[in-house]
Every structure is written in structure tokens, then in C-alpha cells.
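User: I would like a close look at one part of this model rather than a tour of the whole. Please keep the account plain and give the cut-offs for the terms you use.

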Amino acid sequence: FTSTREINIGFVMTEYDDLLATSAGYDSDSSDGDTDEELKEAFAAGLLKPGLNIVGEQPEKKVAKNNVAAMKQKLAEMQKNLPWIERLDLVNAPAPLAPELAFKEDLHGKERATRLQQEKAGVTLEDDDVHNDFKREMMFYRQAQAAVLEAIPRLHSMNIRTKRPEDYFAQMAKTDEHMNKIRTKLLSKEQGQERAEKMSKLRELKKYGKKVQVEVQQKRLKEKKDMMDEMKKIRKGQGGNMDFLENGGGKGQGESKGAVAGKRNAKDKKFGFGGKKRHLKKNDKSSTDDVSGFKPFNKGGAGGKFGGKSGAKGGNKGKGPSKRPGKGNRQKMKSKKK
């Protein structure tokens, strides 16, 4: 079974071999290279495509011809003899260089020279394209200035006005409605830019405020941690720095040292100044043996406030202080008073 592609390839190769054999006169299976004669015969038979080989001499070089008469003839054909007011053409030299323009040109040259030296471009200032462009624009400016200085007096001499009258109203090329649309669009664009700038500034301020807030929180946490570490050292009896008590842990910095010291002394006098707080009221051997503050209780003895003969003026003599009536008796007494 033979495919269509194989048949086409075989047909093309057979045709190509036949053409080579008929044009060059040798067998297609030979491995020798083509000679110049064979290539010429193939080219003559039309088997070689044009453009691959060039037969003949090199093309002649074109010689530039300065045909002055023909150019003058074309110039005369294009030239139109119109008055100057219709042409407004001027041929003049550039205007003198003003001092401020000379200063700008000199300053630009110094800046470009410094820039070229820093970049190590290996280009002199005379060959610098940027500086040459600046000088070229300056020359255009001076040329236009010279043309204006010459044309304005010439127009005035011809009684031609060069300024628009103050009361001159020209018809607009665009309607008021169209101009209002343009003005509205420009205004909305400007407002959008201002809004975008304002939002960007607010975002920057928000980022800065957030950064400051984080720094303040970190500072407070650090101060709190340092204070707790010092408190732990004091409780364990390992010393510690108590300066944070004087400034109130970072608060009240505006108060004077004397006021802070006075508050500290008053609090120390009232509450103490640190130390062990547990088991302060628990007795020990020394407090148990100390009976200097003991006051014995007088049960019906002489000389008491309520006991003995001197304690009672009326009845219940020698029986101690009178007892409080019971609850029922107190209620009866209250009812009698009502």
C-alpha cells in the first residue's frame, strides 16, 4: 500500500532528476559538483531561479548631475510673483543673544558637562546631542525674534494693525454648549486628580499614624515589662530599681520632683513601702512574750465604770452593768411610746 504523499514525492524527485540530466548531460546519481559550464547551461535552459546567480558585469554607478538650467526652470515654474503682504517672508540674521539667554545657555552647558563627566560617556560638550538641541532651539527663538522685530515696523508702515482691538468679538468656532461640556470635563478631571492626591495623602498619614501608634504601644509594653521585672526582683529580695515608683511608671512627667517625692513619702507613711505583706498579724515568740499592752477585763470589780458600788447609782448594786432588754420587751416599749 503506497500513500499519496509518497507518490507525490517520488514524482517530484523523478522530474527533478530528469531536468538535471537533460540540462547538464550527466547521471543524477553522480556525486561530482556542478561546473560553471553546467550552471550556465542550466540557467540558459531556465532551470535556475533568478536572484540566486548574477550573470554579467556590475551595475554602473550613478553620477550626480548638477543641471542648473533645469533647476532654474522648475523654480520659475513654481515661483509666483505675489505682494509681500501675501507672502510675509523674511530673510534676516538671528537677533542678538540677550544676557538672560546667554546665562541659561552657559548654565545648561555646565550642567551637561558635569553630567557627561559623571557618566563617563566619552563625548565632548560640542558633540553632545542634548546641548546641541538646546542651542538649536535657542537659535530658532532668536531667528523668530529677529523676524518679529523687522516685520512689526514694516506692517505699521503699511497701516496694518498687528493687535486685536479690545472691543473685537470674533465668532467662535465651537458653540457655547460644546465649550461648557469641555469646561465641565476639565473641571471634573481636575477634581478627580485633587481627590486622588488627597486620598493618597490620607493613606500616607494613616500609615504614618499607624506606625507611630505601634511604636507607642511597643514602648508601653516594654515599660510595663521592665516595671514587672523590677517588681519581681523587689518581691524576691533581689534588690531592684525603684525609680519607676518616683515617676509613676512613666506618668505625671510634668510634675516636679518635689511634688512626686512628697506624694511618695505620704504613701509610704500610710501604706508602707513594699516588703512582705503576708502573715503580718501572726504571732511569733517575741510578740507572744510581750504583755506590755495587755489590759485585764474587770468583771464586777471595784472602781469600774459599770461594776461595783461606784459604778451603779441606783438598783442592781454590785451586779455589774445593766443588761439590754430583750426583743419582746423592746417592742412593747416602742408600742407604749406610740
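In what order do the elements of the chain run from the N terminus on? After that, which residues of α5 meet α6, and at what angle do the axes of the two helices cross?

Analyst: This is a predicted model, in which local features need pLDDT of at least 70 and side-chain atom pairs count only at pLDDT 80 or more, while totals for chains, interfaces and linings use all residues. Residues are numbered from 1 along each chain as its sequence is written, and side-chain values use heavy atoms, with hydrogens and water left out.

From the N terminus on, the order is α-α-α-α-α-α-α-α-α-α-α-α: twelve helices and zero strands. Helices (H or I, at least four residues) and strands (E, at least two) are DSSP runs, numbered from the N terminus. Of the 338 residues in the chain, 8% are buried. Here buried means under 20% relative accessible area, exposed means over 50%, and partly exposed lies in between (1.4 Å probe, protein chains only). The accessible surface of the chain is about 31,900 Å², and carbon and sulfur atoms account for 55% of that surface. Such areas come from the Shrake-Rupley method with a 1.4 Å probe; for residues, only the protein chains shown count as cover.

Now the pair of helices. Helix α5 covers residues 99–119, and α6 covers 129–157. Their axes come within 10 Å and cross at roughly 170 degrees, which makes α5 roughly antiparallel to α6. The axes are lines fitted to C-alpha atoms, for helices over the stretch in contact, and angles run from 0 to 180 degrees between N-to-C directions. Angles under 35 degrees count as roughly parallel, over 145 as roughly antiparallel, 65 to 115 as roughly perpendicular and the rest as oblique.

On the α5 side, the residues that meet α6 are L101, K104, E105, H108, G109 and R112. Their partners in α6 are V130, H131, F134, K135, M138 and Y141. Contact means heavy atoms within 4.5 Å.

A salt bridge is a side-chain nitrogen of Lys or Arg within 4 Å of a carboxyl oxygen of Asp or Glu. Both ends are covered: R112 counts as buried because its relative accessibility is 15%, and D128 counts as buried because its value is 6%.

Helix α5 also holds a local pair. D106 and K110 form a salt bridge of 3.7 Å, N to O, and are four residues apart, about one turn of the helix. D106 is partly exposed, at 42% relative accessible area, whereas K110 is exposed, at 52%.

L88 sits in the loop between α4 (84–87) and α5. Most residues other than glycine have a negative phi. L88 has a positive phi, near 50 degrees. M158 lies in the loop between α6 and α7 (176–235). The loop between α6 and α7 also contains N159, another non-glycine residue with a positive phi, about 60 degrees. N159 counts as exposed because its relative accessibility is 72%, while M158 is partly exposed, at 39%.

L88 and M158 come together with I85 in a nonpolar surface patch, with about 250 Å² of accessible area for the three together. Patches are made of residues with over 30% relative accessible area and no salt bridge; like charges are joined within 9 Å, and nonpolar side chains (Val, Leu, Ile, Met, Phe, Trp, Tyr) within 5 Å.
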